[in-house]
Every structure is written in C-alpha cells, then in structure tokens.
Amino acid sequence: MISARPAVDPTDVWAIVPAAGLGSRMGIDRPKQYIQLLNKPILGWVLQALLAEPRIRGIALVVSAQDEQVDSLPELAHPAIERVIGGSERQDSVLCGLDALAKRAQSNDWVLVHDAARPCLHPEDLSRLIECTHNPAFSGGILATPVADTLKRADSRRQVVQTVSRSGLWRALTPQIFRLDHLRAALTSAARERVPVTDEAQAMERAGHAVRLVPGRADNLKITYPEDLALAEAVLSVRHDPHAGDPAERK
Ligand SMILES: Nc1ccn([C@@H]2O[C@H](COP(=O)(O)OP(=O)(O)OP(=O)(O)O)[C@@H](O)[C@H]2O)c(=O)n1
Ligand SMILES: C[C@](O)(CO)[C@H](O)COP(=O)(O)O
C-alpha cells in the first residue's frame with residue numbers, strides 16, 4: 001500500500017526513487033546502490049532521508065526486474081514504500097514510477113524524484129525544495145549548486161580550445177519536484193520523440209515549463225565512480241556524529 005501515511009498538510013508530496021541502474025561506471029558486479037557506507041547501503045540512506053520528511057506520503061522505489069537484493073533492505077517493509085519495476089534508461093524508470101503513483105495520487109499532486117545514488121541529501125535541502133512549490137511563477141524546481149571550477153572546452157585530442165564562462169551555470173542535483181501530470185506528460189513526450197533527457201527538469205524545460213533552481217548543498221553527491229564512496233562516507237559520518245560539528249561552520 002503506497003498511501004498508508006496520513007496527509008499532514010496541503011503540500012503533501014509523493015516521491016520516486018529511480019534505482020534500476022546498473023552502476024557500470026562503478027566497475028563492480030552488483031548495482032552500486034547496495035554498497036555499504038558506514039553501516040547502511042547507499043539506498044538505505046536515501047530511503048531513510050525521504051521517510052523522515054512527513055510531507056512525503058508514499059515512495060515508488062523503482063528497481064530492475066533482476067534485482068534480488070532489494071528485499072534485504074529493512075526500509076522495504078515500510079508501508080509508504082511501493083516497489084516498481086523500471087526501464088532501460090533513467091527516464092524510463094521515472095516514468096514507470098509515475099505510472100504506479102498515478103493509480104494512488106491525484107493528477108495535480110507534487111512528485112519529487114531523487115536518485116538512489118545520492119545518499120547525502122540534507123533534510124533542510126529537502127524541505128526547501130518542497131517549499132519551492134509555493135511559488136506560482138514556477139512549475140516546480142530542482143536542487144542545484146553553482147559551478148565552482150573553471151570550465152574548459154576541449155577538442156577530440158583533449159587540447160583546450162576555450163575557457164567557458166561559468167557565469168549562470170549550475171550543476172543539477174536531485175531531488176527535483178513537479179506536478180505529477182505535468183512531469184508524466186513531459187517525460188511521455190520525450191519518450192515518444194526518442195529525446196534523451198538526463199533529468200526531470202530537462203523534460204519539463206522542453207515542454208515549456210518554468211523550472212526554479214533551489215540552491216542546495218554541494219555535498220549532495222551522486223555516487224558514480226569508486227572515488228566518490230570515501231567522500232560520501234565522510235559526509236555521512238560528520239553528519240551522524242554529534243561531536244564532529246559541521247565543517248561548513250568552521251572559521
Ligand atoms: N535504467 C535506469 C538507469 C538509471 N537509473 C537510476 O538513475 C540514477 C542516476 O543514474 P546513474 O548515476 O547514471 O546510475 P547508473 O545508471 O546505475 O550508473 P551507470 O550510468 O554508471 O551505469 C541511479 O539512482 C540509477 O539507479 C534507473 O533507475 N534506471
Ligand atoms: C539526475 C541527475 O542526477 C542530475 O544531475 C543526473 O542527470 C543523472 O546523471 P546520469 O549520470 O546522466 O544518469
């Protein structure tokens with residue numbers, strides 16, 4: 001049952017966690033979302049963060065049909081979580097999640113999508129993202145962080161051809177929040193026209209919607225390569241050690 005949690009205020013939202021990827025860039029023989037960070041798999045951290053937010057009524061957890069490890073997650077027993085089978089690309093998996101939620105939710109409910117590969121979501125970022133739905137000038141929003149490095153464009157030999165201005169450039173993070181019917185229509189259109197989209201915002205932009213950037217913490221890392229694991233573990237251990245303090249507050 002996906003709608004087991006009571007409504008707590010008019011901005012209740014639903015969540016989709018696309019977790020049907022192979023994690024091929026991680027270079028191991030099992031999906032990266034089951035790698036343990038501290039005492040918990042990456043996907044366990046993600047579900048814990050979403051379950052702690054009372055405005056989220058239900059979560060569609062999208063996994064591959066071959067996934068045998070998902071049953072070992074204690075969070076799977078939570079009545080708010082529904083398991084859904086995903087597709088071959090991330091955008092297909094998100095659509096599978098939306099189709100499942102559409103059977104329970106209202107078409108104008110809000111849905112946030114958060115990668116199974118981002119275990120360091122901070123509760124304050126999640127809360128501010130949900131609050132961006134109160135701004136009627138936008139169709140929703142995404143967590144994002146300004147680009148902090150100097151950017152280079154290179155040719156096929158990796159010779160630098162240009163230094164690109166980073167002014168106005170942001171890195172798209174997740175979660176990303178939109179109305180269920182808008183996002184479903186935008187992703188369906190991208191799929192019908194075979195347009196690859198790497199996040200929900202790209203589908204929404206393509207459909208003509210105004211997408212708000214909500215500044216989020218740069219430590220909301222996406223685990224992609226092996227070297228990302230130690231960084232994420234460091235973030236989680238500081239956050240969950242009450243004596244460690246927040247490095248961002250160090251002078
Ligand atoms: N067919 C797919 C592909 C990706 N994802 C999910 O989308 C998120 C972001 O994708 P990415 O980090 O690229 O993960 P993978 O596809 O697993 O990694 P890789 O590209 O290295 O294979 C992940 O939570 C991943 O599980 C998904 O649900 N369905
Ligand atoms: C959705 C996302 O996490 C935003 O940064 C990202 O686009 C997914 O990246 P991928 O590596 O292309 O799956």
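Helices (H or I, at least four residues) and strands (E, at least two) are DSSP runs, numbered from the N terminus, and the expected span of a helix is 1.5 Å times one less than its number of residues. This is a predicted model, in which local features need pLDDT of at least 70, side-chain atom pairs count only at pLDDT 80 or more, and totals for chains, interfaces and linings use all residues. Residues are numbered from 1 along each chain as its sequence is written, and side-chain values use heavy atoms, with hydrogens and water left out.

**Exercise 1.** Determine what span helix α2 reaches and what its buried residues pack against.

Solution. Helix α2 comprises 13 residues, 90-102. From first to last C-alpha it reaches 18 Å, close to the expected 18 Å. Buried means under 20% relative accessible area, exposed over 50%, partly exposed in between (1.4 Å probe, protein chains only). The buried residues of α2 include V94, L95 and L98. Their packing partners, as a group with the other buried residues of α2, include β1 (13-18), β4 (56-63) and α4 (180-192).

**Exercise 2.** Locate D228 and list its contacts.

Solution. D228 lies in helix α6 (residues 227-240). Not counting residues up to four places away in sequence, D228 touches K222 and I223.

Terms used
Chains lettered and ligands numbered in written order. Contact = heavy atoms within 4.5 Å.
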